[in-house]
Amino acid sequence: MERVKLAIDGGAKAKQTPYGREQRYGAEELEQLREALEQGTLFYAQGEKVRQLEAEFAEKSGVPYAVCCTSGTAAIHSALMAVGISPGEEVITSPITDMGTLSPILYQGAIPIFADLHPHTYTLIPESVEACITPRTKAVIAVNLAGNACDLDALREICNRHNLYLIEDCAQTFGCRYKGRPIGTTGDIGCFSFNEYKHISCGDGGITVTRDAALAERLRLSTDKAYSRRADAPERRPTFLANNYRMTELQGAVALAQFRKLDSIVSRRQAWCGELSRRLEGVRGITLPEIAEGVEPSWWFYMMRVDESQMGVSADAVAKALQAEGLPIGAHYIGKCVYEHPLFTNKSAFARAPHACDSYDYRAGMCPNAEAILNTCITLSVNEAYTQSDLNETVEGIRKVGEGLGR
Ligand SMILES: Cc1ncc(COP(=O)(O)O)c(C=O)c1O
């Protein structure tokens, strides 16, 4: 059979037209903003938008409590403050994540410990998490990556057995479901991000969910300098250290309008990526993301791995060939595992004082699966506005490169 000429070798591109896009903010957001401004206050404790968003988000998550804050990082930080993570304690998490998972651990004076990942779901291996537990461990932050869920039941069971908090980092997983349950509700606290690049956004913002009334109370205090705004609170006398992570009514208004669009955004991503997976099955040299039974991912991006032994070339070369075909694909996602960031390897979290994590030896080789994932992965950007012809051309481009490269 004659090989089709790759675009990188001067052939025709697989993707001839721009990918579908739509204006993400519109009339609904403007209307909510107008209402917020007409309230005459932008303070969450006096207005209705943040409270409304919390009520709708909690209801949809099937839990009694949701608490808004300023970012996904603030959501994770308020979760750690709420459960009382203290200096010198250890928090186990994923080596492939954003600094927003880690800086809250460090600001609590605590030590991030990294467990290894499943090679194809890219989420924590429960046995690896359990092997990291010491008498100092107090919590696990399960990073639900790229719209996909961790093995949450197994992590929950380990946390229960060792008396640890389970916090879910759901910054990349709005709308995902795990064994029928909304993401973020298997852990003690689920943390979400409304930053500009997430499924839904208000520029920057965050929200946490919990079933536990006492944790909900502490989550609220953790976002508001530990000042109580309850009418029956006697006076403002903080009982623990907390920041100002308050969401304003402006963010709340936009996030509320966006949240009401979430179902449509997620179902379109699921349909597109579901068909992509079916049609890419068996493509030479590319390993598709694995979805565990019972997980309904919400596809924040689509991460594949290059089988270099079959392809005969690196992930960089494959990504370059796919880019030449017109596909929005990059290699290596975040580049290196987070424990290779200079703040860990140089022991330089603080400028002039040691941090508890400096006593821990962070180095390449700690999590071999995670390092192999980053060395060989290619990620396709996904958007709910992608069309059927985007899908056809994407499949054609990946198939063409899979079959045409490295022979
Ligand atoms: C997995 C993960 N955790 C946490 C965050 C932090 O969220 P934010 O940027 O809203 O602080 C991000 C953001 O990229 C993320 O992807």
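Me: What stands opposite arginine 177 in E11?
Reply: Glutamate 296. This is a predicted model, in which local features need pLDDT of at least 70 and side-chain atom pairs count only at pLDDT 80 or more, while totals for chains, interfaces and linings use all residues. Residues are numbered from 1 along each chain as its sequence is written.

Me: How many bridges join strand E6 to E11?
Reply: There are 2 bridges between E6 (residues 177-178) and E11, and the strands run antiparallel. Strands here are DSSP runs of E, at least two residues, and helices are runs of H or I, at least four, numbered from the N terminus.

Me: What is the strand order in that sheet?
Reply: E7-E6-E11, an open sheet of 3 strands with antiparallel pairing. E7 (181-182) and E11 (295-296) are the edge strands, each pairing on one side only. Two strands pair if DSSP finds at least two bridges between them.

Me: Moving to E5. Which strand do bridges join to E5?
Reply: Strand E4 (residues 137-143), by 5 bridges, running parallel. Alanine 139 stands opposite tyrosine 165 in E5.

Me: Which way do the E5 residues point?
Reply: Tyr165, Ile167 and Asp169 point one way, and Leu166 and Glu168 the other way. In a regular strand the side chains alternate between the two faces of the sheet. As 5 of the 5 residues of E5 (165-169) are buried, the strand is largely enclosed by the rest of the structure. Buried means 20 or more other C-beta atoms within 10 Å of the residue's own, with C-beta atoms placed from the backbone; 12 or fewer is exposed, and in between is partly exposed.

Me: Which residues have the most contacts inside the largest nonpolar core?
Reply: Ala79, Val140, Val318 and Ile378, in a core of 120 residues. H3 gives the most to this core, 7 residues. Domain 1 (27-261) and domain 2 (263-404) both contribute, so the core lies between them. A nonpolar core is a set of buried Ala, Val, Leu, Ile, Met, Phe, Trp, Tyr and Cys residues joined through C-beta atoms within 7 Å.

Me: What separates the centres of the domains?
Reply: 24 Å, taken over C-alpha atoms. Contact means C-beta atoms, placed from the backbone, within 7 Å, and the domain bounds come from an automatic or database domain assignment.
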